[in-house]
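Please have the structure open while reading.

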Amino acid sequence: MSENNNIPDYVTFGKTFEKYKWYKPILVFIIGLIIYTLLQFVVIIFIGAIYGTNTLNMVLSGGYDTIDASDAGFYISYLSIILFAPAIYISSRIVKDRPFSSYSSSRGGWDWKLYFKCLIIPFIIYLIFTIVENIIFGGKSGHSNVTLTVLILALIFIPLQCIAEEHFFRGLVMQTLGSWFNIPILAVIIQSIIFAMTHPYNILGVIGILISGLAFGFLAWKTNGLESASALHTINNLMSFYLAALGFDVLQSNITTKDFISSIIVTLVSAAIIYYIGTKYEWFNKKTSENKALS
């Protein structure tokens with residue numbers, strides 16, 4: 001555990017760089033937004049050209065009630081979130097305030113080995129919970145029209161979407177707040193509020209996303225990196241996808257009390273066990289070797 005003392009605090013990591021200025025994260029955000037918008041425009045044209053105007057209109061309309069989990073075209077739209085990562089990467093290179101790898105962790109950059117280790121715990125927990133809730137005591141509530149193409153797209157795009165989303169919310173947003181206030185817990189809370197506000201759910205759904213944002217933020221803070229939060233986020237989104245694609249659930253904006261409670265339980269239990277096991281076996285104390293990280 002002593003190694004961890006040599007690892008800078010992740011939330012306030014941004015201000016430790018020599019070229020740090022309080023306004024530079026704002027420049028990264030503004031330039032990143034411009035780059036993201038341009039990349040998003042390309043993706044929208046691509047979706048419209050390949051899958052037609054119906055899929056394009058569905059993507060642009062927003063809301064989960066319009067989503068068909070068996071529609072491969074919709075899952076290409078995950079690219080619109082994946083674009084967060086290259087947008088931040090390019091803008092950070094332009095501003096030159098600090099390396100892109102510093103958004104991934106304060107241990108030396110992104111650690112794929114740690115990410116895959118952290119995937120195992122929530123996968124087991126979500127799988128057990130899913131079998132009990134949806135297969136044994138539940139039943140199909142939607143329709144199944146899943147194809148091999150959809151399954152492959154999900155395995156490729158959903159993890160990348162979650163990693164990119166973590167780099168934006170728990171990376172750029174949370175670290176910027178942390179560098180301004182120098183109060184990590186405040187940064188964790190504020191980023192979770194912003195995270196919740198970007199999801200088109202009813203009030204229960206928004207509260208659920210707020211709690212998930214707190215869990216992801218806590219993991220990023222206490223593990224000094226995004227790998228564990230990204231792993232939990234990935235499993236959550238993948239399981240939601242497969243349940244909908246196989247007809248055991250329906251993606252919707254109106255979250256029920258039952259879904260709210262079950263989602264909170266499985267998320268918090270998973271986060272707690274990841275943190276406990278990872279801390280016990282010192283997963284988060286090792287610096288990434290010099291330097292597997294992107295710069």
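## A salt bridge within one helix

R170 and E166 are four residues apart in helix α7 (residues 148–181), which puts about one helical turn between them. In this predicted model, their side chains form a salt bridge, with 2.6 Å from N to O. R170 and E166 are both buried.

The structure has two salt bridges. Besides the pair in α7, E227 is bridged to R107, and their closest N and O atoms are 2.5 Å apart. E227 and R107 are both buried.

## Cysteines

The number of disulfides in the structure is zero. C118 has a relative accessibility of 0% and so counts as buried. C162 is likewise buried, at 0% relative accessibility.

## Packing of α7 against α10

Helix α7 packs against α10 with the two axes 9 Å apart and an angle of about 140 degrees between them. Angles over 145 degrees would count as roughly antiparallel, so α7 and α10 are described as oblique to each other. Their crossing is right-handed.

On the α7 side, the contact is made by V150, L151, A154, L155, I158, P159, Q161, C162, I163, E165, E166 and R170. On the α10 side, A229, S230, H233, T234, N237, L238, F241 and Y242 take part.

## Packing of α7 against α8

How do α7 and helix α8 (residues 184–197) cross? Their axes come within 9 Å, at an angle of roughly 140 degrees. The two helices are therefore oblique to each other, and α7 passes α8 in a right-handed crossing.

From α7, the residues in contact are E165, F169, R170, V173, M174, L177, G178 and F181. From α8, they are L186, A187, V188, I190, Q191, I194 and F195.

Conventions. Residues are numbered from 1 along each chain as its sequence is written. This is a predicted model: local features need pLDDT of at least 70, side-chain atom pairs count only at pLDDT 80 or more; totals for chains, interfaces and linings use all residues. Side-chain values use heavy atoms; hydrogens and water are left out. A salt bridge is a side-chain nitrogen of Lys or Arg within 4 Å of a carboxyl oxygen of Asp or Glu. Buried means under 20% relative accessible area, exposed over 50%, partly exposed in between (1.4 Å probe, protein chains only). A disulfide is a pair of cysteine sulfur atoms within 2.5 Å. Axes are lines fitted to C-alpha atoms, for helices over the stretch in contact, and angles run from 0 to 180 degrees between N-to-C directions. Angles under 35 degrees count as roughly parallel, over 145 as roughly antiparallel, 65 to 115 as roughly perpendicular and the rest as oblique. A crossing is left-handed if the near helix is turned anticlockwise from the far one by less than a right angle, and right-handed if clockwise. Contact means heavy atoms within 4.5 Å.
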